[in-house]
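Here are my notes on the structure you asked me to go through with you. Keep the viewer open and follow along point by point.

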Amino acid sequence: MIEAKSLTRRYGPLLAVDRISFTVEPGTVLGFLGPNGAGKSTTMKMLTGFLPPTEGTAVIFGHDIITDSLAARRIMGYLPEGAPLYGELTVAQFLDFTARARGLRGRQAERAIAGSVDRLTLGEVLPQTIETLSKGFKRRVGLAQAILHDPRVLVLDEPTDGLDPNQKHQVRQLIRDMAEDRIVIISTHILEEVDALCNRAMIIASGRLLADDTPQGLLRRSRYNGAVTLAVDDAQVVASKLSELPEAAEVEIRRGRLTVFPSGRGNLFDAINRRLTEHQIRIDEIQLEGGRLDEVFRSITMEEAA
Ligand SMILES: Nc1ncnc2c1ncn2[C@@H]1O[C@H](COP(=O)(O)OP(=O)(O)OP(=O)(O)O)[C@@H](O)[C@H]1O
Ligand SMILES: [Mg+2]
């Protein structure tokens, strides 16, 4: 497992990461969420041994990143932000180089490279120099490099950034497969990715860990959790009828759609349905909301900013 203990990083006077602590078990896909400049990449750089912490440390499957850095790095794969690669090498040369750097030789190296090439569909670009690749292909070469030695821990800084929808899908599947008995830590600005991929999410802002929960747990904090949204012809009239319900706390109209927020008394969805039938109100759509991650993200990170 991974144990981060009060990880802290200063850049001169700037406190980029402020005493972040957590533990992660195998089988976890942990998502780092947070505004630009929150400290996500800096935390990843410290975990992977690319940047020494100013204070604190982390232990990766028993290996301290400061006192036992080489052993810790051996069992990790890392996709840095922007995927810096050697532009003048071809993809084949670069993966060969990576395999050697990871201590793989002969048949073992060949098999590892073939596996990575296959998983990231890089076959057609093997002879091409990296600097001539499109953004998404560069990213995929970076991912191939990260998984090549089949690491127990994968740290991926915005892994699906710049990928087309098919590749996003494929990379998410790859991450799910890899996570089964490993630890995967990703950062992302795509909130739906957290829901689709992660079983744990951390919200970081101004270097501080503000929330550590499952995606479902975060959704439960949303004011939309348990709300009912309707598409109707005359939103104003329907709103006045529904706001009388004891099950309703508040009604909002936005772009012709009506959202009723629960008061916590009784079953709001059933009450709305009964009222609609009583008044013979025709609806185009009705939806029970699970919660909105973007709203939770905003409220947690804006609170911090305030
Ligand atoms: N080498 C550096 N020197 C000085 N300041 C730095 C350096 N690297 C990062 N910072 C600062 O540290 C803070 C955290 O940066 P970091 O890259 O970790 O944020 P992030 O959460 O990854 O943001 P983004 O979502 O934009 O990728 C920012 O204020 C950034 O400007
Ligand atoms: Mg970053």
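1. Start at the hairpin made by β12 and β13, which has 2 residues between the strands. Click on arginine 255 in the turn: its phi is positive, about 45°. Bear in mind while you look that this is a predicted model.

2. β12 covers residues 248-254 and pairs with β13 in the antiparallel sense, over 6 bridges. On its other pairing, β13 (residues 257-262) meets strand β11 (residues 228-232), again antiparallel, over 4 bridges.

3. Which residue of β13 is the bridge partner of valine 251? That would be valine 260. Strand β1 (residues 2-11) and strand β2 (residues 14-24) pair in the antiparallel sense over 7 bridges. Arginine 10 stands opposite leucine 15 in β2. Two strands need a turn to join them, and here the hairpin has 2 residues between the strands, with glycine 12 taking a positive phi near 55°.

4. Zoom out for a moment. The protein is divided into domain 1, residues 2-220, and domain 2, residues 228-289. Taken over C-alpha atoms, the centres of domain 1 and domain 2 are 44 Å apart.

5. Next, the pockets. Rolling a probe the size of a water molecule over the atoms shows where empty space is left. The largest pocket has a volume of about 640 Å³, and 21 residues line it. Nearest its centre you'll find Phe50, Thr98, Ala101, Arg102 and Gln145. Elements giving two or more residues to this lining are α2 (69-74), β6 (76-79) and α3 (91-101). Of the elements, α3 gives the most, with 4 residues.

6. What kinds of residues make up the lining of the largest pocket? They divide into 12 nonpolar, 6 polar and 3 charged. Keep those numbers in mind for the next pocket.

7. The second largest pocket holds about 270 Å³ of space. Its lining divides into 1 nonpolar, 2 polar and 9 charged residues. Among the lining residues are Arg223, Tyr224, Glu252, Asp294 and Arg298. Arg255, the turn residue from point 1, is also part of this lining.

8. Which elements each supply at least two residues to the lining of the second largest pocket? They are β12, β13 and α11 (293-305). The most comes from α11, with 3 residues. That brings the strands of the hairpin in point 1 back into the picture as pocket lining.

9. Last stop: ligand 1. It has 14 residues around it, and Gly37, Lys40, Ser41, Thr42 and Glu81 come nearest. A polar side-chain atom of glutamate 81 lies 2.6 Å from an oxygen atom of ligand 1. For serine 41, a polar side-chain atom is 2.8 Å from a ligand oxygen atom. Alanine 38 takes part through its backbone instead: one of its N or O atoms there lies 3.1 Å from an oxygen atom of ligand 1.

Conventions: Residues are numbered from 1 along each chain as its sequence is written. Chains are lettered from A and ligands numbered from 1 in the order in which they are written. This is a predicted model: local features need pLDDT of at least 70, side-chain atom pairs count only at pLDDT 80 or more; totals for chains, interfaces and linings use all residues. Side-chain values use heavy atoms; hydrogens and water are left out. Two strands pair if DSSP finds at least two bridges between them. Domain bounds come from an automatic or database domain assignment. On a 1 Å grid over the protein atoms alone, a cavity is a set of points where a 1.4 Å probe fits but cannot get out, and a pocket is an open set with protein on both sides within 12 Å along at least five of seven lines; lining residues have an atom within 4 Å of a point. Grid points are joined across faces, edges and corners, and a volume is the space filled by probe spheres set on the points. Ala, Val, Leu, Ile, Met, Phe, Trp, Tyr, Cys and Pro count as nonpolar, Asp, Glu, Lys and Arg as charged, and the others, Gly among them, as polar. A residue is near a molecule or strand if one of its heavy atoms lies within 4 Å of it. A polar contact is a pair of N or O atoms within 3.5 Å; within protein, one must be able to donate a hydrogen and the other to accept it, and residues adjacent in sequence count only if both atoms are side-chain atoms.
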